[in-house]
Amino acid sequence: MIKTGTKYTKFDALVILGPTATGKTDLAIKLAKKFNGELISCDSRQVYKGLDIGTGKLPGGQPSVIKGNGWWEIDEVKIWLYDVVDLKKQYTVADYVKDVNRVIDEISRRGKLPIIAGGTGLYLKALLERLSNLAIPVDLRLRKELEKLSLDELQKKLQEISLQKWEKMNNSDRQNLRRLVRAVELNKSSSKLDSRLRGNDSLDVLKIGLMAPRRILYERINEQVVEWVKNGIVDEVKRIIREGVTKQRIKNLGLEYVVVVEYLEKKISLDQMIEKMQSKVRQYAKRQITWFKKEKNVSWFDISNKNYVDKVENLVAKWYDIRKYAAKS
């Protein structure tokens with residue numbers, strides 16, 4: 001948001017998106033320093049306290065870090081929505097939309113540029129668009145009943161409740177027990193959408209996408225996993241378990257964390273753990289690429305090009321200058 005006198009104009013926000021291991025946080029910090037900005041994490045796991053190494057909270061190098069309530073400060077740049085909630089609790093997409101809208105408002109009112117950086121596509125979509133089912137809470141009683149049903153029974157139930165919803169589902173969704181349960185839950189719920197949880201259509205955004213040739217991206221992922229192990233991801237999981245978080249809860253976090261638990265349970269060796277973690281993160285990056293290909297109005301940059309940062313800075317400068325000029329006129 002650009003301040004003009006005592007009034008505020010439409011929100012502006014810079015978005016840095018792309019698959020894991022493309023250096024989104026590193027770039028976002030550089031841009032924050034150059035354009036007087038503050039970062040907002042767009043990551044479904046960085047919100048959890050104590051979940052640091054495998055979620056990539058720290059950028060490259062050994063930066064100075066100050067930790068606050070719901071934020072970190074790295075190299076004098078604040079990153080919001082780090083360490084928001086205890087790992088024993090569940091943090092939803094709706095929680096994210098509500099929290100990030102509040103943070104965007106706070107950053108903008110200080111005359112700074114909100115920079116949203118991360119790779120959780122659903123969170124970004126929820127923020128920028130109106131996803132009406134986000135505010136419908138999980139019905140634990142109903143879910144417990146539904147989870148007792150077979151795949152065939154769930155399919156028939158959904159067809160009875162909403163044939164239209166059933167016909168819109170693809171074959172993969174129709175075979176997915178979890179998605180069928182949620183579909184029935186959503187259609188049976190009478191909850192109304194809380195307007196505070198709707199997508200923020202007041203945001204005027206510039207989307208910067210980071211990519212790399214698949215070979216280079218996979219090499220970076222493999223190296224990243226090795227760094228996680230060197231930096232103590234195994235000890236991180238041990239500490240979390242000592243603090244009372246169940247192994248099942250950690251497994252539910254997926255990717256590298258479920259593999260570390262397998263290692264601690266002596267089901268795999270250290271080398272197998274590293275290889276399996278690398279494979280899982282590569283598969284995740286592939287899913288991210290597929291997701292972000294559908295994202296509209298993204299300016300993509302190949303991080304294997306040496307001067308890509310200069311090109312990004314030039315684009316952001318033009319975009320930001322236009323908004324400053326519009327705010328003054």
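The charged end of Arg282 sits over the ring of Tyr218, at 6.0 Å from the ring centre. A second contact of this kind involves Lys57, whose charged end lies over the ring of Tyr82, 5.7 Å from its centre. The model is predicted, and the distances are computed from it.

Contacts between rings come next. A pair of aromatic rings is described by the distance of the centres and the angle of the planes. With centres required to lie within 6.5 Å, the count is five aromatic pairs. Trp71 and Trp80 have ring centres 6.4 Å apart and planes at 55°, so this pair is tilted. Because buried means under 20% relative accessible area, Trp71 counts as buried at 18%. Trp80 has a relative accessibility of 10% and therefore also counts as buried.

Tyr96 and Tyr123 form another tilted pair, with 4.6 Å from centre to centre and 35° between the planes. Tyr96 belongs to helix H2 (residues 93–109), while Tyr123 belongs to helix H3 (residues 121–128), so the pair ties together parts that are 27 residues apart in sequence.

Phe35, Trp319 and Tyr320 together form one aromatic cluster.

Conventions. Residues are numbered from 1 along each chain as its sequence is written. This is a predicted model: local features need pLDDT of at least 70, side-chain atom pairs count only at pLDDT 80 or more; totals for chains, interfaces and linings use all residues. Side-chain values use heavy atoms; hydrogens and water are left out. Rings of Phe, Tyr and Trp (its six-membered ring) pair if their centres lie within 6.5 Å; planes under 30 degrees apart count as stacked, over 60 as edge-to-face and the rest as tilted. Buried means under 20% relative accessible area, exposed over 50%, partly exposed in between (1.4 Å probe, protein chains only). Helices (H or I, at least four residues) and strands (E, at least two) are DSSP runs, numbered from the N terminus. A charge sits over a ring if NZ of Lys or CZ of Arg is within 6 Å of the ring centre and within 35 degrees of the ring normal.
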